[in-house]
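Student: I would be grateful for a close look at a single part of this model, followed by its wider setting. Please state the cut-offs behind each term as you proceed.

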Amino acid sequence: RSTTLGRLFCVCSTIEAACAYIYSAPAIRTFGPPVRQLGHRPLELVHSIHTRTLKHTHREIGPVAMQNLGNSLQGGALDAVEGGDVEKVAIFDATGTLMFLQEPPGDTYYRFAVRHGLSVPAPGQLNARFRDMIDRTTPIDYSDCPLASTADIYQREKNWWRNVVAFVFGPEAAAADAFTACFHDVYEHFGSGHAWSLYPDAFPLLHQLRAEGWNLGVLSNFDSRLIGVLSDLNLTKEFDWILLPKDTGALKPDAAAFAAALKVSGCTDTATCVHVGDSLNADINGAVNAGIYGIFVDRQSKWPPLFPAPELALMVRTLAQVDEVAKNAPIRRLVQNTHMNVNTHAKDSHTSNVRGR
């Protein structure tokens, strides 16, 4: 059975177009977890979907032609998009995707509290309080941005975090005279590169994409301090642009955040744009709803049960896999467009359903 799964079927809406779905083709590398079993052998998600214009024919493409099609698209699917050279935009989330905290936040809070002579619970309890506070606290309001003044935004962000730290420390420590100085040091620490480390696969991927001509940007829900963090980590020079909520007036997964990213990047066709992130809701669902191909960096093997179709998003284990997925993303989108048009015969309906507009 495994040797026949590479067979291709085509449904033609016009003489000029056909759509092809490839199941476990040996020549195509796949990413992501198995979703079900065939006997004792896993069947991977359908990760590689290609399309080609067929002239004056309505016929099935055989296995040999299928193999040739896959080989012709390997290593540069963007070049197969009609028109030759196209703009390529890769949008990145920051925390959890490119960089990570060197230690849990509660551990850091504990160290700074002790340094300032404050009595606080053990790090484990501080971490639990931190997660609880983040989960139930209304996010920072950026709705008046970017019209709000820089000073107002900075103070708004700092006040929000002061309330978080005060809750985590507890009422007794938060009421102490030393709390203000302690909070200041904590806030500055997380706004510097000293609190963060880069994933080892970050620089290699960014350098590879840059060499291939991608427009690279950051779209993050982090506050204004991220610029300083990225600078300390020598990351700012790797990107053409960086957008924060203070710049867009919105938080991912809000479509306004992604719309701002498309505008600043100069991207005019979302089929040539990908978004890379580690949050299923904020990054992947947000990107898909904006018509952007999502690449979910699943370092912890979470394998979320509800995940968009492979025509819209894929999971990878490391950033090292992003380059190949990104190259083929436009081809998947073109196939999805053709496939939906075959079944609906309504381009406008397809656009609203697939791209969430």
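Tutor: Threonine 248 is found in helix α9, residues 245-248 (helices are DSSP runs of H or I of at least four residues, strands are runs of E of at least two, and both are numbered from the N terminus). The model is predicted, so local features need pLDDT of at least 70 and side-chain atom pairs count only at pLDDT 80 or more, whereas totals for chains, interfaces and linings use all residues. Residues are numbered from 1 along each chain as its sequence is written, and side-chain values use heavy atoms, with hydrogens and water left out.

Threonine 248 has a relative accessible area of 14% and is therefore buried (buried is under 20%, exposed over 50% and partly exposed in between, with a 1.4 Å probe and protein chains only). Leaving aside residues up to four places away in sequence, Threonine 248 touches Cys145, Leu243, Ala257 and Ala260 (contact means heavy atoms within 4.5 Å).

Burial also marks strand β12, residues 313-316. Ala313 and Met315 on one side, and Leu314 and Val316 on the other, are all buried, which leaves both faces of β12 covered. Strand β11 (residues 293-297) runs parallel to β12 and is joined to β12 by four bridges; two strands pair if DSSP finds at least two bridges between them. Within this pairing, phenylalanine 296 stands opposite methionine 315 of β12.
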